[in-house]
Amino acid sequence: MGEWAGAASEIALSRFLKQAAALLALALLAGCSDRADEASVANAGAGGDLEAAAIAVGVIPDPASTDPTGLYARATDRICVLPAPQDFIIGIDMDYGDGQHCTASGTARREGELLRVTLAGNEGCGFDARFEGDRIVLPGTLPKGCAHYCTGRASLAGMEADRLSDSAAEARAMRDAKGRLLCGG
């Protein structure tokens, strides 16, 4: 019986130490932010919205208040976004080599966390991309007219690109594989 009591007390001590460590970590984290951020996180609810909490403490940018202007990339996929008199200019370039390529330019209208993209030309390529503050995600399914901008088996569908820069000059300088400016000129 003495062995069992000792094991039980070790388990209780272990649980206590884990709980104490968790509380200490939360206290340290709370000390790193101001009271408004703590209130925002607390208002997110016990099982709350993790994204809202991360935005509230500044871990990720708030897409609703972030300007999409800049240069985005992932591997060989690139997107440029520039302000225009109305809406934004957007350019998209993907190059996988061996005749697998997409290049397109057009306009984008900001509506909350959406970029309503209309690519230039008469091919009927318009879609809603998600703007997440630090990346742009194109939908997984696009209108048939969007295939016009691609060669081989390449497709713009599902493309994701992370923000590299919020510089308009860098976005304006982005070129496609043939050297054409996609957002400036």
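Begin by selecting His101: leaving out residues up to four places away in sequence, it touches Asp93, Met94, Asp95, Tyr149, Cys150, Thr151, Ala154 and Ala177. Contact here means heavy atoms within 4.5 Å. His101 belongs to strand S4; helices (H or I, at least four residues) and strands (E, at least two) are DSSP runs, numbered from the N terminus.

The model is a predicted one, in which local features need pLDDT of at least 70 and side-chain atom pairs count only at pLDDT 80 or more, while totals for chains, interfaces and linings use all residues. Residues are numbered from 1 along each chain as its sequence is written, and side-chain values use heavy atoms, with hydrogens and water left out.

**His101 in detail**

Is His101 buried or exposed? His101 counts as buried because its relative accessibility is 16%; buried means under 20% relative accessible area, exposed over 50%, and partly exposed in between (1.4 Å probe, protein chains only). Now display its side chain together with Met94 and Thr103. The His101 side chain reaches the backbone oxygen of Met94 at 3.3 Å, and it makes a polar contact with the side chain of Thr103 at 3.3 Å. A polar contact is a pair of N or O atoms within 3.5 Å; within protein, one must be able to donate a hydrogen and the other to accept it, and residues adjacent in sequence count only if both atoms are side-chain atoms.

**The disulfides**

Next, select the cysteines. How many disulfides does a search of the whole structure find? The search finds 3, a disulfide being a pair of cysteine sulfur atoms within 2.5 Å.

Select Cys102 and Cys150, whose sulfur atoms are 2.0 Å apart in a disulfide. The torsion about this S-S bond is about 110°, so the disulfide is right-handed. Cys102 lies in strand S4 and Cys150 in strand S8 (residues 150–151), so the pair ties together parts that are 48 residues apart in sequence. Both Cys102 and Cys150 are buried.

Move to Cys80 and Cys183, which are joined by a disulfide with an S to S distance of 2.0 Å. This pair links distant parts of the chain, 103 residues apart: Cys80 is in strand S2, and Cys183 is in the segment after helix H4 (168–172). Cys80 and Cys183 are both buried.

Then select Cys125 and Cys146, a disulfide with sulfur atoms 1.9 Å apart. With 95° about the S-S bond, this link is right-handed. Cys125 is in the loop between S5 and S6, whereas Cys146 is in the loop between strand S7 (135–137) and S8, 21 residues away.

When the bonded cysteines of the protein chain are numbered in sequence order, the pairing reads 1-6, 2-5, 3-4.

**The nonpolar cores**

Finally, select Ile79, Ile92, Leu119, Phe127, Ile136, Leu138 and Leu156, which touch the most other members of the largest nonpolar core, a group of 27 residues. Strands S2 (77–83), S3 (88–95), S4 (101–111), S5 (114–119) and S6 (126–131) each give two or more residues to this core. Which strand gives the largest share? The largest share, 4 residues, comes from S3. A nonpolar core is a set of buried Ala, Val, Leu, Ile, Met, Phe, Trp, Tyr and Cys residues joined through side-chain atoms within 4.5 Å.

Centre the view on Ile79. Leaving aside neighbours within four places in sequence, the contacts of Ile79 include Ile92, Ile136, Leu138 and Met174. A second, separate core has 7 residues, among them Leu71, Cys80, Leu82 and Leu182.
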